[in-house]
Amino acid sequence: MRKLLVVGIGAGNPEHVTIQAINALNRADVLLIPVKGEEKAFLADLRRDICERYVSNPSSRIVEYAVPRRRSDGSYEGGVHDWHHAIAAIYENLLLTEVAENQIVALLVWGDPSLYDSTLRIVEHVRARGSVEFGIEVIPGITSIQALCASHAIPLNRIGLPVEITTGRRLAQEWPPGVDDIIVMLDGVEAYRTVESDDAEIYWGAYVGTPLEITLSGKIGEVREQIVETRRRAREANGWIMDTYLIRRNSSPEEGSGEQ
Ligand SMILES: C[S@@+](CC[C@H](N)C(=O)[O-])C[C@H]1O[C@@H](n2cnc3c(N)ncnc32)[C@H](O)[C@@H]1O
């Protein structure tokens, strides 16, 4: 039976790649690299760099494939559903045409496959289609949340308190009830601008772990405009942006900044 390795590769620094991931990449006969678009080009380059650095298996080969664009007309859920099924059809075709029976194929997944990533859901769609059998193994990776906290040298949670991980779209609708600490990802709407508590601390990071990394932190009321401007300039310079942030409300002075 074919085997699919879903390998977390970390959030942008090739040194995030774990020894477990390196060993998995070296077990693979085929390494799948998604390409397309300006942002994808950067992400694809990092995946190629990781393969160049760490893959010493002379009989493995890289197969690049184009990722279809998600349609933005119609409902968000409907668009995502159709997009996932389109990618499932691509995976199915790659498994059937590029990976022989009893071979191992690796998918290099940004960050960790369990966090805001649909690879594992899509792989289940492939299985449900029923035309190709395969086993699956997941190798965890460093997430962008861990990379963000490391760059700011802060703990993710306050002692005994919960942290909610959410999206920009959701935060723009309302602050999640019952928590004061939130991580915001996938923010295409700059939801931090809608946060009214000017005293809340924000720890923002773009392209964290990559040579393009930018971080800013402080009270939202004081750094909001600086983040807006920094983000705008970075996006203009690079053609794309990938950012994540932690917002911490109601912190006492001694636990507030998390800095020395
Ligand atoms: C589709 S999710 C993938 C998350 C990934 N699986 C992880 O473990 O971090 C993409 C979002 O992750 C965040 N992200 C990923 N890499 C990042 C990085 N290097 N710097 C800042 N944010 C990042 C951004 O919020 C981006 O919109």
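Predicted model: local features only at pLDDT ≥ 70, side-chain atom pairs only at ≥ 80, totals over all residues.

Trainee: Okay. How many aromatic pairs does the structure hold?
Mentor: There are four aromatic pairs in the structure. In one of them, the ring centres of F42 and W240 are 5.0 Å apart and the planes are at 50 degrees, so this pair is tilted. Rings of Phe, Tyr and Trp (its six-membered ring) pair if their centres lie within 6.5 Å; planes under 30 degrees apart are stacked, over 60 edge-to-face, and the rest tilted.

Trainee: Where in the chain do F42 and W240 sit?
Mentor: The pair links distant parts of the chain, 198 residues apart. F42 is in helix α2 (residues 37-54), and W240 is in the loop between α7 (220-238) and β10 (243-248). Those labels come from DSSP runs numbered from the N terminus: helices are H or I with at least four residues, strands are E with at least two.

Trainee: And W240, buried or exposed?
Mentor: W240 counts as buried, because its relative accessibility is 6%. Y207 and W240 also form an aromatic pair, this one edge-to-face, with 5.1 Å centre to centre and 90 degrees between the planes. That pair links distant parts of the chain too, with Y207 in the loop between β8 (201-206) and β9 (214-219), 33 residues from W240.

Trainee: What do F42, Y207 and W240 form together?
Mentor: They form one aromatic cluster. Y207 is buried in the model, because its relative accessible area is 1%. Its backbone has a feature to look at as well: phi of Y207 is near 50 degrees, a positive value in a residue other than glycine.

Trainee: What about phi of N250?
Mentor: Phi of N250 is near 55 degrees, again a positive value in a residue other than glycine. N250 lies in the loop between β10 and α8 (253-256), and N250 counts as exposed because its relative accessibility is 59%.

Trainee: New topic, the ligand. How many residues surround the ligand, and which are the closest?
Mentor: 16 residues surround the ligand, and the closest are A11, S144, V208, D243 and T244. A residue is near a molecule if one of its heavy atoms lies within 4 Å of it. By class, the shell has nine nonpolar, five polar and two charged residues. Here Ala, Val, Leu, Ile, Met, Phe, Trp, Tyr, Cys and Pro count as nonpolar, Asp, Glu, Lys and Arg as charged, and the others, Gly among them, as polar.

Trainee: Why does the ligand lie between domain 1 and domain 2?
Mentor: Because domain 1 (2-139) and domain 2 (144-256) both give residues to the shell around the ligand. The bounds come from an automatic or database domain assignment.

Trainee: Which backbone atoms are at its oxygens?
Mentor: A polar backbone atom of D112 is 2.8 Å from an oxygen atom of the ligand, and one of L186 is 3.0 Å from a ligand oxygen. For D243, a backbone N or O atom lies 2.7 Å from a ligand oxygen. Taken alone the ligand exposes 560 Å², and the protein buries 89% of that; areas come from the Shrake-Rupley method with a 1.4 Å probe.

Trainee: Where is D112 found?
Mentor: D112 is in the loop between β4 (104-109) and α4 (119-129). D112 is buried, because its relative accessible area is 10%.

Terms used. Residues numbered from 1 in each chain as written. Heavy atoms only, no water. Polar contact = N/O pair within 3.5 Å; in protein donor to acceptor, adjacent residues only side chain to side chain. Buried < 20%, exposed > 50% of the residue type's maximum accessible area, 1.4 Å probe, protein only.
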